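Trainee: I have a chain to go through. Can we take the terms one at a time and check each against its rule?

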Amino acid sequence: QVLLVESGGRLVQPGDSLRLSCQASGRTIYYVGWFRQAPGKEREFVAGRTWSANITNYADSVKGRFTISKDNAENTMYLQMVSLKPEDTAVYYCAASSFRSLSARSYQYWGRGTQVTVSS
């Protein structure tokens, strides 16, 4: 079993930065993905990283603006977001998978999500 707890979401203005955290506990994880889901839209892949090695993947829509990283001491995966846009507004979830995947269906464990709202 893997427990994932997200935090850090809040209301920000366009152009602001925000860092989301995903604290993990439980069994060994291979890959962690950040997903987001806006109202009326499907859940989409944002960024992912292998737990042990620094192998990362990003959606085209966030490349150059979002960075995924890991704090080994805290067992926490971060999503640093800069130059936020209104279209980044969504509930952001972290999820764990036993293999690298960009599809939400491949993930066995999910956090409850944290709301990010980008609005002036």
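Mentor: Start with Leu-3, which lies in strand 1 (residues 2–7).

Trainee: What makes strand 1 (residues 2–7) a strand?

Mentor: Strands are DSSP runs of E with at least two residues, and helices are runs of H or I with at least four, numbered from the N terminus. This is a predicted model; local features need pLDDT of at least 70, side-chain atom pairs count only at pLDDT 80 or more, and totals for chains, interfaces and linings use all residues. Residues are numbered from 1 along each chain as its sequence is written, and side-chain values use heavy atoms, with hydrogens and water left out.

Trainee: Why is Leu-3 called exposed?

Mentor: Exposed means over 50% relative accessible area, buried under 20%, and partly exposed in between (1.4 Å probe, protein chains only). Leu-3 has 52% relative accessibility, so Leu-3 counts as exposed.

Trainee: Which residues does Leu-3 touch, beyond those up to four places away in sequence?

Mentor: Leu-3 touches Gln-23, Ala-24 and Ser-25. A contact means heavy atoms within 4.5 Å.

Trainee: How do you know that there is a disulfide between Cys-22 and Cys-94?

Mentor: The rule asks for a pair of cysteine sulfur atoms within 2.5 Å. For Cys-22 and Cys-94, S to S is 2.0 Å, and a disulfide joins them. By this rule the count comes to 1 disulfide.

Trainee: What parts of the chain does the pair tie together?

Mentor: Cys-22 lies in strand 3 (residues 18–26) and Cys-94 in strand 9 (residues 90–97), so the pair ties together parts that are 72 residues apart in sequence.

Trainee: Why is the disulfide of Cys-22 and Cys-94 called right-handed?

Mentor: The torsion about its S-S bond is about 65°, so the disulfide is right-handed.

Trainee: Are Cys-22 and Cys-94 buried or exposed?

Mentor: Both Cys-22 and Cys-94 are buried. Across the 120 residues of the chain, 43% count as buried.

Trainee: How many helices and strands does the chain have?

Mentor: The chain has 0 helices and 11 strands.
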